[in-house]
Amino acid sequence: MSTTAFWYASRATGIVALLLLTAVLVLGILVNRQGRLPGLPRFAVTDIHRNLSLLAVTFIAVHVLTAVLDTYVHIPLLSAVIPFASGYERLWLGLGAISLDLMLAMIVTSLLRGRMNRVVWRAIHLLAYASWPIAFAHSIGSSKDLQQGWLLDMAIGCAMIVAAAVIWRLVHAARQVPRAGRVAAVFVQHTTSAARQNRRTVAR
């Protein structure tokens, strides 16, 4: 395979990986505390999220490999996991390495979830949400293709979708009754319902 082919393959797989990571992040944001989405059972949501994540990691692996094999510039393989180890585009490739490390940490801890402390697992999983904005910055900074034309529009669209999902989740969380107040809320609802029933009985 020629170096030009590696260059195109690296760019193409990077763009697809960004789209897949956006889908994974948005799905993770929209899922409620019970791990469900409207109209889908929990196991279906889990399968979709897992498969999208694995597919994204696959495209990222091909993206990294083809970038290393592209002889136009020298990018060490270790720079894919060791931040700022590359002499070429040190900042942007370093961000890409950080994003990849966060995703790998999320995957490994997910596989070991049954053996890990729940608080530690959740902390690492929440930290993994930072992988998307870091990957987004890496994509925009390292790829001239994403800085203009329809690919820039696509990148902006991804950012807008993520922002909309975050806003929706925050609004939805604000409307929910805090855990500490759920008992009181249920009690008030039950009392109100009983009072209405008594009024109907008296009216009869």
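I take the expected span of a helix as 1.5 Å times one less than its number of residues. Helices here are DSSP runs (H or I, at least four residues), numbered from the N terminus.

**Ground rules.** I am working on a predicted model, where local features need pLDDT of at least 70, side-chain atom pairs count only at pLDDT 80 or more, and totals for chains, interfaces and linings use all residues. Residues are numbered from 1 along each chain as its sequence is written, and side-chain values use heavy atoms, with hydrogens and water left out.

**Helix α6.** I checked the length of α6, residues 149-175. Its 27 residues should span 39 Å at 1.5 Å a residue, and the end C-alpha atoms are 39 Å apart, so the two agree. I then listed buried residues (under 20% relative accessible area; exposed is over 50%, partly exposed in between; 1.4 Å probe, protein chains only). In α6 these are L151, M154, A155, C158, V162 and A165. An α-helix has 3.6 residues a turn, so residues three or four places apart point the same way.

I29 sits in helix α1, residues 3-30. I find it buried, at a relative accessible area of 10%. For contact I use heavy atoms within 4.5 Å. Skipping residues up to four places away in sequence, I29 touches Y129, A165, V166 and R169. R169 is 140 residues from I29 in sequence, yet their C-alpha atoms are 6.7 Å apart.

**Helix α5.** I looked up two residues here. F136 belongs to α5 and is buried at 18% relative accessible area. Apart from neighbours within four places in sequence, F136 contacts L18, A155 and A159. From F136 to A159 I read 8.4 Å between C-alpha atoms, across 23 residues of chain. S131 is also in α5, which covers residues 131-142. Its relative accessible area is 8%, so I count S131 as buried. With neighbours within four places left aside, S131 meets S99, L102 and M103.

**α3 with α4.** Two packed helices are described by the angle between their axes and the distance between the axes. My axes are lines fitted to C-alpha atoms over the stretch in contact, with angles from 0 to 180 degrees between N-to-C directions. For α3 (residues 90-111) and α4 (residues 118-128), the axes come within 9 Å and cross at roughly 145°. On the α3 side the contact is made by L102, A105, M106, T109 and S110, and on the α4 side by W121, I124, H125, L127 and A128.

**Which residues of α4 are buried?** I find W121, H125 and A128. Down the axis of α4 they fall within an arc of 50° (taken from the directions from the helix axis to the C-beta atoms), so they line one face of the helix. Their cover includes α3 and α5.

**Loop between α2 and α3.** Most residues other than glycine have a negative phi. I noted two residues that go the other way. F84, not a glycine, has a positive phi of about 65°. F84 lies in the loop between α2 (42-69) and α3. F84 is partly exposed, with 36% relative accessible area. E89, not a glycine either, has a positive phi of about 45°. E89 is placed in the loop between α2 and α3. At 25% relative accessibility, I count E89 as partly exposed.

Methods: Helices (H or I, at least four residues) and strands (E, at least two) are DSSP runs, numbered from the N terminus.
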